[in-house]
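Dear colleague,

Please find the structure below, with the sequence alongside. My notes on it follow.

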Amino acid sequence: MILPILIYNNPILRKKSINITSSYPKLDNLISNMFETMYNANGIGLAAPQIGLNIRLFIIDLVSYIQNNKILLKKVFINPKIIHNYGEVMNLKEGCLSIPNILEYVKRKSHILIEYYNENWNKHIEILNSFEARVIQHEYDHIEGKLFIDHLSFMKRELIMKKLISISKGEITPNYPTH
Ligand code: CO
């Protein structure tokens with residue numbers, strides 16, 4: 001089932017999310033709905049707050065973005081904890097399904113050490129880098145109540161303010177269901 005995606009200025013996007021337990025109701029169903037919602041919007045990551053749930057859960061699927069990929073890049077992150085961000089500072093363009101039509105450069109560290117549970121509640125501790133680390137840091141921000149525009153300079157944010165106001169008024173509508 002495709003779920004509506006919450007758009008910029010919805011207060012749910014600004015709340016810090018909480019951990020869940022393995023008895024969380026219909027978790028498998030929720031995860032499959034999140035993938036369907038993300039694919040429908042041509043996204044590569046989606047966090048639970050974006051569909052209205054303040055729980056520590058996000059998904060990624062980078063397969064279509066990386067050629068000749070042999071690594072599993074379709075992943076579910078439950079109760080993730082980024083223990084360490086380190087390495088080179090990379091300045092790359094980001095967008096967000098909750099902030100349509102805005103792409104801006106964001107500086108993030110190249111590597112992360114992350115602990116999480118997958119959809120089968122197997123615990124993972126991994127060092128990730130490159131594009132995967134980038135997308136995960138973006139999604140992780142969502143469960144902390146942050147958005148990528150928070151990383152922009154005051155000047156840059158002023159420059160996109162008009163666009164942000166239009167988005168929050170529903171004047172800029174993407175081609176996927178929003179709420
Ligand atoms: Co986002």
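**Salt bridges**

Arginine 56 is buried, at a relative accessible area of 8%; buried means under 20%, exposed over 50% and partly exposed in between, with a 1.4 Å probe and protein chains only. This is a predicted model, in which local features need pLDDT of at least 70 and side-chain atom pairs count only at pLDDT 80 or more, while totals for chains, interfaces and linings use all residues. Residues are numbered from 1 along each chain as its sequence is written, and side-chain values use heavy atoms, with hydrogens and water left out.

The side chain of arginine 56 forms a salt bridge with that of glutamate 144 (2.7 Å, N to O); the term denotes a side-chain nitrogen of Lys or Arg within 4 Å of a carboxyl oxygen of Asp or Glu. Arginine 56 sits in the loop between strands E1 (45–47) and E2 (57–61) and glutamate 144 in the loop between H2 and H3, so the pair ties together parts that are 88 residues apart in sequence. Helices (H or I, at least four residues) and strands (E, at least two) are DSSP runs, numbered from the N terminus. Glutamate 144 is partly exposed, with 21% relative accessibility.

The structure holds 10 salt bridges. Another of them joins the side chains of arginine 134 and glutamate 94 (2.7 Å, N to O). It links helix H2, which holds arginine 134, to strand E3, which holds glutamate 94, 40 residues apart.

**Largest pocket**

The largest pocket contains about 520 Å³ of space. A pocket is an open set of points on a 1 Å grid over the protein atoms alone, where a 1.4 Å probe fits, with protein on both sides within 12 Å along at least five of seven lines; lining residues have an atom within 4 Å of a point. There are 25 lining residues, and Ile44, Glu94, Gly95, Cys96 and Leu103 lie nearest the centre. H2 supplies the largest share of the lining, 6 residues.

**Helix H3**

At isoleucine 160, helix H3 (residues 154–168) bends by about 50 degrees, the angle between axes fitted to the seven residues ending there and the seven starting there. Ile160, Leu164, Ser166 and Ile167 are buried in H3, and the buried residues of this helix pack against strand E4 (99–117), contact being heavy atoms within 4.5 Å. Glycine 170 follows H3 and has a positive phi, near 80 degrees.

Yours sincerely

Methods:
Points joined across faces, edges and corners; volume = space filled by probe spheres on them.
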